[in-house]
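Here is a friendly walk through one protein model, meant to be read with the structure open beside you.

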Amino acid sequence: MTTTLPDETMLLDDTASLRAATEFVREHDSAALLPLLLPGLDGPDLRALAGRCRFAHAGLLLFPPDAESLRAQLAECGLAPDTPSHPSVVVRERLARRHRLDPADLDLRILRPPVHGSAGERRAVEVFALIVPPHSGLERIAAYERTRRHEAHLAFEIEQPDPLALRGLCAILVRHGASPDGGGYNPHENGTVLYFTTPADQACGYRRLELYARGDHRAALAAHLDHPGQDRHLRPGAGQPAETLLHLLTGAWTTQALAAFARLRLPDAMDTRTRCRTEDLARLTGTHPRSLATLLRYLAMLGAVAQDEVQDQEQVQDREQDLVQGQDPEQEGFRLTELGTLLRADAPGSMRPLALMYGGPFYRSFGDLDHAVRTGRPAFDHLFGESHFDHFARDPELAALFDRSMAASSRMFQPLPAHPVITAAAQAPATVVDVAGGNGELLGRILTAHPHLRGVLLERPHAVEAARSLLDAAGCGARCEYRTGDFADVPRGGDVYVLSRVLHDWDDDRCREILRHCARAMPVHADLLVVERLLPANGSPSLATAWDLHMLCNVGGRERRADHYARLLTDAGLQLIGHSPLPLDAHVLHARRAGDQ
């Protein structure tokens, strides 16, 4: 038997990461990659970014014990082993700050072995190599950085950078959800680097994006580092702990401000083009002008509305007169932003139901979170005297709101119709069974994308009626069969079974029971797709961590790691084949009956 020593294992892990990054660089280009990093990016903004930003490299941090080991890793991945290197500045200082070390103690080099794209484009893998000699004391830093992947990023080089273009490109990134996240100027190569964090629902696995501009652009860098979205802890003069805590403690105000915005139907009375005076908006919505102005100013800080300055002299005089008389000026003008538009009732993918749910019954139950932590039982049950399933079932209006709130997160479903299991099934007449499929949003997307597929939806009676209406409106109702029942009633004979956001509602024993019902219904050839948020194995920030707390407080379920789901599947006679990411930090897990692969 051959034993792999810990240092050798780490070296193998680094080599696998380097190989994966190399393949990623070969297979992608700017036009295809940018919408994955910034969901919703299209039209003129996509053309502007793709036209000026060339996908240059994928970056990662490696920890070879010496220079010779690094050369061997490069050669094993098909990269030039003698690629020249130069000292790091930005990453070395960031690494030293994270671990409270003197930058001079870190031997960190940058090298960029070239990689050619599928059409021969010149790209690279950017390797930050921190030499970690055995027993140097740096092993703990290497272990931490390997799991956190702080420095993993995708870089785009700006063609012909100039100050105006650089600021315009940064503005587009921020407008589409990217957050400024540090940067610097490297005098060794005369280049300026601007880092961003991409939105949580990006779909390519990289959370950091780099804009690289040749030359000294420190004026643009200063504006980038001072952007309101910049993490204060990455800027000089970061806020004190008390200030940070106060900001966190007032998070409830944000939830209720957005919920009130939706409940009062203010977004439905506004649009993104027309400035609306506060007093006019108050008249339209039956609200108190001065109080409405206070709410809208707060929402402007959140980015849900934009506050426009008064433009003409008459309006300026009106405002001055209000101030002279000691009155609050009601001439302020506000318009809706792209973010605020999501709270309109008629917006595609409207999140208004989520705002009403999180600002309504689920908000109230979070006030009893300490009960859930103390007892392990849902705060919702303690507050309302019954589970949220039973509570909603007795109130049709609330039940409909809950189903609509589930559909409001349907962006995570966008890639699913193209999943290999679905596309393979669509090659011949086949049936997709959506177990506890809610209002049919996911099944409707699948059937719409594949006209030869048929569907079966299993749900509670009120949900079945909502699904019937939605699928009829989508034009695929004639290809769907509806079943009312519980998990014990999973229909037999399907080709693909889907469990979307179901298992996280339940404890492990109930999950095993649900999965066994599915396994018994599945023919030998059938596939099971499970859509859930996965807790990260390395403890990195994730929406799944927040939803884990939500499930504890309101449902009694939990989010899980991939290996946890693998064990539950095994216990039910199923085998996890693999999983792949979806928007909004979700994943789709693919399973089949054990022994039937």
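A residue is called buried under 20% relative accessible area, exposed over 50%, and partly exposed in between. Aspartate 280 has 25% relative accessibility, so this residue counts as partly exposed. Please keep in mind that the model is a predicted one.

**Charged pairs**

Side chains of opposite charge can pair when their charged atoms come close. Across the whole structure, a search finds 33 salt bridges. Aspartate 280 takes part in one of them, with arginine 277 as its partner. Arginine 277 also forms a salt bridge with glutamate 279.

| Glutamate 23 | Arginine 26 | 2.6 Å |

Elsewhere, salt bridges with shared partners link Arg54, Glu157, Glu159 and Arg214 into one network.

The remaining pair sits within a helix. Helix H1 covers residues 6-27 and holds both glutamate 23 and arginine 26; they are three residues apart, about one turn of the helix. Glutamate 23 counts as partly exposed at 34% relative accessibility, and arginine 26 does so at 27%.

**Cysteines**

A disulfide is a covalent bond between the sulfur atoms of two cysteines. Cysteine 170 is buried, with a relative accessible area of 12%. Cysteine 276 is buried as well, at 15%.

Strands of a sheet pair through backbone hydrogen bonds, either parallel or antiparallel. In this model, seven strands make up an open sheet with mixed pairing, in the order S15-S14-S13-S16-S17-S19-S18. Which strands stand at the edges? They are S15 (480-484) and S18 (574-582); each has a single partner strand, so one side of each is left without a neighbour in the sheet. On average, neighbouring strands are turned by 20 degrees against each other, direction ignored.

Inside the sheet, strand S16 (residues 496-500) and strand S17 (residues 527-533) run parallel and are joined by five bridges. Tyrosine 497 stands opposite leucine 528 in S17. Helix H26 (residues 562-571) lies across S17, S18 and strand S19 (586-593), and runs at about 150 degrees to S18.

**A residue in a loop**

Is phenylalanine 413 buried or exposed? With a relative accessible area of 3%, phenylalanine 413 is buried. This residue lies in the loop between helix H20 (396-407) and helix H21 (420-425). Leaving aside neighbours within four places in sequence, phenylalanine 413 is in contact with Glu441, Leu442, Arg445, Ser500 and Arg501. The C-alpha atoms of phenylalanine 413 and histidine 587 are separated by 9.8 Å, although the two residues are 174 residues apart along the chain.

Note on methods
Residues are numbered from 1 along each chain as its sequence is written. This is a predicted model: local features need pLDDT of at least 70, side-chain atom pairs count only at pLDDT 80 or more; totals for chains, interfaces and linings use all residues. Side-chain values use heavy atoms; hydrogens and water are left out. Buried means under 20% relative accessible area, exposed over 50%, partly exposed in between (1.4 Å probe, protein chains only). Two strands pair if DSSP finds at least two bridges between them. Helices (H or I, at least four residues) and strands (E, at least two) are DSSP runs, numbered from the N terminus. Axes are lines fitted to C-alpha atoms, for helices over the stretch in contact, and angles run from 0 to 180 degrees between N-to-C directions. Contact means heavy atoms within 4.5 Å. A salt bridge is a side-chain nitrogen of Lys or Arg within 4 Å of a carboxyl oxygen of Asp or Glu.
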